[in-house]
Amino acid sequence: MENKDNQRVALVTGAANGIGMAIAQKYTAEGYAVAWVDRNVAPIHNYLTFQSEAKARYLVLEGDLADMAFLQYVVQACMDRWGRIDVLVNNAAWRTSDTLTHTSLEDWNRTLAVNVTAPAFLSKFTALALISLQQHCVFINMSSIMADNVAGYASAYAVCKGAIESLTYELATLYGPHGFRALAIRPGSVDTTLSNDYVDPQGANISTDIRAEIEGRTPLGRSASSEEIANAVFWLTTPDAGFITGTTLTIDGGLVHNFNSYALKKRLKANEF
């Protein structure tokens with residue numbers, strides 16, 4: 001066990017790109033030891049190669065979050081290395097963009113395994129490891145505005161995001177008496193790899209068109225950066241947010257409470273929008 005200075009520890013899944021990498025980078029910059037978890041860790045190693053801070057401690061753990069044995073290994077590896085986990089960020093996601101009509105049982109089950117079962121059991125294994133040591137952790141689960149603003153496609157993914165919020169409330173209730181907190185983050189449009197794979201039936205990528213339509217309904221008129229999501233995640237795990245648990249924070253630039261597009265508003269009230 002290597003944590004002589006009692007350094008705080010963050011475990012981040014889906015850390016190889018996008019929001020997950022921004023979150024892992026944020027905790028690293030804030031002096032945490034970080035376990036970077038992904039099924040393709042090459043981008044993580046590429047990033048860490050150029051980090052000059054000798055004090056930066058990290059684990060890079062490669063595997064499939066649909067594998068229960070890997071979930072147990074991830075938690076045990078952190079405990080063996082540092083003896084603690086202060087923050088668990090369940091960020092990893094997997095999906096297809098199929099409607100329910102065309103979703104196979106295999107894709108349905110894998111989406112649930114990565115997006116719901118993995119966060120549930122990583123949280124469970126973390127709690128079991130820490131409670132016996134009278135330690136506690138903050139669980140952050142990555143949801144989406146698709147939890148209750150569905151599009152009709154990516155059906156399994158939308159179902160999972162509703163489930164992950166329910167899981168968050170369950171974790172807060174179950175483990176709160178032991179000092180744990182649990183929160184969900186519900187981003188709107190964020191420009192990441194996962195949001196850039198939408199194609200039409202002819203194979204043309206229409207992700208830019210979809211993002212433009214969403215941004216056209218967003219009061220702040222843009223997508224969020226991964227760093228903005230990471231900053232919010234980090235703050236929620238600090239003592240400043242110590243009484244916040246069992247809830248979901250929406251980070252969407254005001255999108256979900258806006259009724260229609262700004263193009264339409266300008267037609268209706270040209271001088272006001």
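I began at Val89, which stands opposite Ile140 in β5. β4 and β5 pair in the parallel sense over 4 bridges; two strands count as paired if DSSP finds at least two bridges between them. Helices (H or I, at least four residues) and strands (E, at least two) are DSSP runs, numbered from the N terminus.

Basis of the entries. I am working on a predicted model, where local features need pLDDT of at least 70 and side-chain atom pairs count only at pLDDT 80 or more, while totals for chains, interfaces and linings use all residues. Residues are numbered from 1 along each chain as its sequence is written, and side-chain values use heavy atoms, with hydrogens and water left out.

Sheet. I looked up the strand order and found an open sheet of 7 strands, β3-β2-β1-β4-β5-β6-β7, with parallel pairing. β3 (58–62) and β7 stand at the edges with a single partner strand each, so one side of each has no neighbour in the sheet. Neighbouring strands are turned by 15° against each other on average, direction ignored. I note that axes are lines fitted to C-alpha atoms, for helices over the stretch in contact, and that angles run from 0 to 180 degrees between N-to-C directions.

Helices on the sheet. I then checked α1, which packs on the sheet and touches β1 (9–13), β2 (33–38), β4 and β5; contact means heavy atoms within 4.5 Å. The direction of α1 makes about 165° with that of β2. Helix α4 (residues 105–131) also packs on the sheet, touching β1, β4 and β5, and its direction makes about 170° with that of β4.

Helix α7. I listed the buried residues of α7 (residues 226–236): Ser226, Ile229, Ala230, Ala232, Val233, Phe234 and Leu236. Buried means under 20% relative accessible area, exposed over 50%, and partly exposed in between (1.4 Å probe, protein chains only). The buried residues of α7 pack against α1 (18–29), β4 (87–90), β5 (138–142), β6 (181–187) and β7 (247–251).

Salt bridges. I counted 8 salt bridges in the structure, each a side-chain nitrogen of Lys or Arg within 4 Å of a carboxyl oxygen of Asp or Glu.

Arg8 forms one with Asp86, and the closest N and O atoms are 3.6 Å apart. This pair links distant parts of the chain, with Arg8 in the segment before β1 and Asp86 in the loop between α3 (68–82) and β4, 78 residues apart. Arg8 counts as partly exposed because its relative accessibility is 35%, whereas Asp86, at 7%, counts as buried.

Lys26 pairs with Glu30, the closest N and O atoms being 3.1 Å apart. I have Lys26 as partly exposed at 21% relative accessibility and Glu30 as partly exposed at 40%.

Asp148 and Arg186 meet in a salt bridge at 3.1 Å, N to O. Asp148 lies in the loop between β5 and α5 (155–175) and Arg186 in strand β6, so the pair ties together parts 38 residues apart in sequence. Asp148 is partly exposed, with a relative accessible area of 49%, but Arg186 is buried, at 12%. I also found that salt bridges with shared partners join Arg8, Arg84 and Asp86 into one network.

I finished with Glu106, which is found in helix α4 and is exposed, with a relative accessible area of 67%. The C-alpha atoms of Glu106 and Gly203 are separated by 23 Å, and the two residues are 97 apart along the chain.
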